[in-house]
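Here's a quick briefing to read alongside the model. Have the sequence and the 3D view open, and let's walk through how things pack.

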Amino acid sequence: MLCWALLFFIFAFITGVVGFAGVAMVSASVAKMLFFVFLALLALTFAAYLVRE
């Protein structure tokens, strides 16, 4: 999932440089959303690991 967030961030950067501001904003939003979902799943997995130990 972190790989997808990085991919969308790179896509947003490239489209921003080229001049497609609308596409860049959407890609950046998707990248940010995927990154926060990744962080939430990471925290949940870490908490589950601590409870099991």
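Let's start with Val 23, which sits in helix α2. Keep in mind that this is a predicted model.

**Val 23**

- Leaving aside residues up to four places away in sequence, Val 23 touches Phe 11 and Thr 15.
- Val 23 and Ala 12 are eleven residues apart in sequence, and their C-alpha atoms lie 7.1 Å apart in space.

**Thr 15**

- Thr 15 belongs to helix α1.
- With a relative accessible area of 6%, Thr 15 is buried, because the cut-off for buried is under 20%.
- Which backbone atom does the side chain of Thr 15 reach? That would be the backbone oxygen of Ala 12, at 3.1 Å.
- Not counting residues up to four places away in sequence, Thr 15 touches Phe 20, Val 23 and Ala 24.

**How α1 and α2 pack**

- In general, a pair of packed helices is described by the angle between the axes and the distance between them.
- Here, helix α1 covers residues 2-18 and helix α2 covers residues 21-52. The two pack at an angle of about 160°, and their axes are 8 Å apart.
- Angles over 145 degrees count as roughly antiparallel, and α1 and α2 are therefore roughly antiparallel to each other.
- As for handedness, α1 and α2 make a left-handed crossing.

**Who meets whom**

- On the α1 side, the residues that meet α2 are Leu 2, Trp 4, Ala 5, Phe 8, Phe 9, Phe 11, Ala 12, Thr 15 and Gly 16.
- On the α2 side, their partners are Val 23, Ala 24, Ser 27, Ala 28, Val 30, Ala 31, Leu 34, Phe 35 and Phe 38.
- What does this contact look like by residue class? Between α1 and α2 there are 15 nonpolar residues, three polar ones and no charged ones.

**Ile 14**

- Ile 14 is also placed in helix α1.
- Ile 14 has 48% relative accessibility, so Ile 14 counts as partly exposed.
- Ile 14 and Phe 36 are 22 residues apart along the chain, and 22 Å separates their C-alpha atoms.

Technical notes: Residues are numbered from 1 along each chain as its sequence is written. This is a predicted model: local features need pLDDT of at least 70, side-chain atom pairs count only at pLDDT 80 or more; totals for chains, interfaces and linings use all residues. Side-chain values use heavy atoms; hydrogens and water are left out. Axes are lines fitted to C-alpha atoms, for helices over the stretch in contact, and angles run from 0 to 180 degrees between N-to-C directions. Helices (H or I, at least four residues) and strands (E, at least two) are DSSP runs, numbered from the N terminus. Angles under 35 degrees count as roughly parallel, over 145 as roughly antiparallel, 65 to 115 as roughly perpendicular and the rest as oblique. A crossing is left-handed if the near helix is turned anticlockwise from the far one by less than a right angle, and right-handed if clockwise. Contact means heavy atoms within 4.5 Å. Ala, Val, Leu, Ile, Met, Phe, Trp, Tyr, Cys and Pro count as nonpolar, Asp, Glu, Lys and Arg as charged, and the others, Gly among them, as polar. Buried means under 20% relative accessible area, exposed over 50%, partly exposed in between (1.4 Å probe, protein chains only). A polar contact is a pair of N or O atoms within 3.5 Å; within protein, one must be able to donate a hydrogen and the other to accept it, and residues adjacent in sequence count only if both atoms are side-chain atoms.
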